[in-house]
Amino acid sequence: VQRDGDCFQRASFFDWKFDVPFHLIMGSSKMGESYLYWHGERLFQMNCTYLSDADQWINSPGFVDGDAAYARPIFAGCIDCHATYADLRRPPNHFTPNSLILGVSCERCHGPGKEHVDFHRTHPNETHAHGVTVPSKLSRQAQMDVCGQCHTANKRMNDRRPFQFRPGDRLEDHYDMLEDDGTFSDRVHTSNQVARLGLSECFLQSEMGCAECHNPHSNERGESKLFSQRCLKCHDQEHCGFSEDLALPLSDNCIDCHMPRRAGKLHADTAGDRIFPPLRDHYIRVDQQATRQYLDRLQAIE
């Protein structure tokens with residue numbers, strides 16, 4: 001509901017009701033958005049989440065349908081991936097509200113910027129970047145660790161303090177790395193992209209990293225043709241076993257065959273159904289099922 005320019009989720013039981021305010025949006029909208037509210041200096045998740053693909057409201061993953069439980073705390077580990085900074089006053093979810101730097105900004109990949117800004121204000125003609133880290137100048141593993149702050153699921157903060165990682169650090173210096181038992185690719189926040197990419201022959205037989213496919217300074221979501229062009233920097237279209245079978249150029253979309261997007265174990269409950277949102281798998285491989293499905297779609301178009 002909307003009232004006086006503000007939005008609320010409303011819970012009601014017979015004649016009794018209460019409204020919970022939307023204070024923060026969490027999520028990129030790629031899969032969906034979830035919502036947080038402040039109660040004093042504590043952050044909590046709201047009961048309902050918006051699912052992008054289905055264009056519908058669902059129970060937030062893990063919430064039972066029909067139970068208006070607005071008491072799930074947002075821990076420091078959640079904010080550690082979904083914001084640039086927040087002052088954690090006391091674990092697990094006591095923050096200084098005005099300290100939040102929302103979104104994922106330059107500092108998450110380049111390090112704190114104050115020294116950089118102060119230096120270049122007093123040295124306006126200096127063209128060499130001072131006081132920040134340029135990830136492309138780091139080793140491949142160090143670059144992967146920058147991305148792995150958020151894009152790996154098999155870790156947890158080892159000192160319960162968020163935002164301590166600096167580009168060039170090892171993830172192991174700030175997080176306990178957990179043994180991947182095969183379930184991490186189905187966690188709610190990430191399909192464990194770093195670990196899954198590490199299984200790929202493309203990764204094992206080259207020096208490729210995340211930035212070979214992703215431009216961190218541009219929103220390229222969903223641009224399969226653009227990503228496929230980056231595949232073709234190393235691969236030839238003629239090497240595709242199906243390149244002559246169809247009139248449509250398969251090089252426009254290497255992604256759906258070799259990095260399928262499909263439902264996993266992650267689910268959310270609605271009033272009458274259980275929804276399994278699809279996630280993109282970053283294990284690059286020949287996937288016969290995904291290839292067959294993609295070829296069937298192309299043949300239907302023809």
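Select Lys-114 and Asp-118 to start: their side chains form a salt bridge, with the closest N and O atoms 2.7 Å apart. A salt bridge here is a side-chain nitrogen of Lys or Arg within 4 Å of a carboxyl oxygen of Asp or Glu. The model is predicted: local features need pLDDT of at least 70, side-chain atom pairs count only at pLDDT 80 or more, and totals for chains, interfaces and linings use all residues. Residues are numbered from 1 along each chain as its sequence is written, and side-chain values use heavy atoms, with hydrogens and water left out.

Both residues sit in helix α3 (residues 114–122), 4 residues apart, about one turn of the helix. Helices (H or I, at least four residues) and strands (E, at least two) are DSSP runs numbered from the N terminus. Lys-114 is exposed at 61% relative accessible area, while Asp-118 is partly exposed at 34%. Buried means under 20%, exposed over 50%, and partly exposed in between (1.4 Å probe, protein chains only).

Next, show strands β1, β2 and β3, which form an open sheet in that order with antiparallel pairing. Pairing requires at least two DSSP bridges between two strands. β1 (2–3) and β3 (16–21) are the edges, each with a single partner strand, so one side of each has no neighbour in the sheet. Between β1 and β2 (residues 6–13) there are 2 bridges, and Arg-3 stands opposite Asp-6 in β2.

Asp-19 lies in β3 and Arg-3 in β1, so the pair ties together parts 16 residues apart in sequence.
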